[in-house]
Amino acid sequence: MDILNELAKIKDENALTAFHKKYLSKTGELTAQLQNLKNLPADQRATEGNRINELKRNVEREFFRKQTALREQAINDQLRADPLVDITIPAINVPQGSLHPITYLIRRVTEICRSMGFLVVDGNEVVTEYENFDAVNVPADHPARDMQDTFWLTNGKLLKTQTSAMQNEILRKHGPVVSAIFPGRCYRNEATDASHEFAFFQCEGMMVGENISIANLIYVMKKILSGVYGKDIDVRLRPGYFPFVEPGFELDASCPFCEGKGCSVCKHSGWIEFCGCGMIHQNVLRQANVDPERYQGFAFGFGLTRMAMMQYAISDIRLLNSGNLEFLRGIKR
């Protein structure tokens, strides 16, 4: 404890540096004491070693606290001594940052889903072939694999092509009764242009339990869309094929920009193709050890990047990953 008392009396960084060299460096006294343990009787080494290690941890902790306090004090002393600096004046015209449009949408969607009792799960970007394909009913000979060429790693894993890759893990961990969404970045090995990028964001969601129906799916999607756009949004379902759902649907949303009257965004149809969805395929449930005779559920997945482009009238998807501050400042949220 004499060491800690000595440390407490230090008033400047020079003395603190000398203290470190004396006690905590490779040639310091505490290190020397640990090295001398081999000279003690065998029955005393453990007790003495624990005592020295505990002391060293306490000294290191207090050393870093003292170092932080002295550095903060030095900065404050410098500011007070500068006659041109008045630290009591509020900052004027300091540029403020803002959330990236995709970050904003992720937060808005997760806030809405949390209000309905959904878990929000942050999934991995590197997944196994089983998670990305086999677990969601896309076996090795399935043609959908050709449509989702991705980046493979030397260890056999890959960058996920779809947020559906999280379904199996979530069902195994939280199922068989679970409601969850899992937004995240996905990757596809494809040429980039104004509407295609090799990295993009999706949001996957699912609800599994007893007596879950398409009616629940419609309600959840209307709730999400209406919350994001701040107005009532109608939805409609069209038959669609996705390997991991049966029956599968293409979900259209009434255009929030023209309220269904027809505009350039919806190609004058009054509807915008929003996402794929459907009732989770029995094979997907079985892969996660969920009994499809007792439990059923729905899943949906939509592109957050595409939603951001529509909402903020962004003409080139590459701008979202460009780091262009002028572009980001020009977006009105």
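Visitor: Which residues does Val 290 touch, leaving aside its neighbours within four places in sequence?
Guide: Val 290 is in contact with Leu 171, Pro 176, Leu 285 and Tyr 295. The model is a predicted one.

Visitor: Where does Val 290 lie?
Guide: Val 290 is in the loop between α10 (282-287) and β9 (296-303). Val 290 and Pro 176 are 114 residues apart in sequence, yet their C-alpha atoms are 5.8 Å apart in space.

Visitor: Why does Val 290 count as buried?
Guide: Buried means under 20% relative accessible area. Val 290 has 4% relative accessibility, so Val 290 counts as buried.

Visitor: Which residues meet where α5 and α9 pack?
Guide: From α5 come Leu 105, Arg 108, Val 109, Ile 112 and Cys 113; from α9 come Lys 223, Ile 224, Gly 227 and Val 228. The residues of this contact divide into six nonpolar, one polar and two charged.

Visitor: How many disulfides does a search of the whole structure find?
Guide: The search finds zero disulfides. Cys 255 is in none, and its nearest cysteine sulfur, that of Cys 258, is 3.6 Å away.

Visitor: Are Cys 255 and Cys 258 buried or exposed?
Guide: The cut-off for buried is under 20%. Cys 255 has 1% relative accessibility and therefore counts as buried. Cys 258 has a relative accessible area of 11%, so Cys 258 is buried as well.

Visitor: What makes helix α11 mostly covered?
Guide: Helix α11 covers residues 304-311, and six of its eight residues are buried. The buried ones are Leu 304, Thr 305, Met 307, Ala 308, Met 309 and Met 310.

Visitor: What do the buried residues of α11 pack against?
Guide: They pack against α5, β4 (178-187), β5 (199-209), α9, β8 (271-280) and β9. After α11 comes Ala 313, with a positive phi near 50 degrees.

Terms used. Residues are numbered from 1 along each chain as its sequence is written. This is a predicted model: local features need pLDDT of at least 70, side-chain atom pairs count only at pLDDT 80 or more; totals for chains, interfaces and linings use all residues. Side-chain values use heavy atoms; hydrogens and water are left out. Contact means heavy atoms within 4.5 Å. Helices (H or I, at least four residues) and strands (E, at least two) are DSSP runs, numbered from the N terminus. Ala, Val, Leu, Ile, Met, Phe, Trp, Tyr, Cys and Pro count as nonpolar, Asp, Glu, Lys and Arg as charged, and the others, Gly among them, as polar. A disulfide is a pair of cysteine sulfur atoms within 2.5 Å. Buried means under 20% relative accessible area, exposed over 50%, partly exposed in between (1.4 Å probe, protein chains only).
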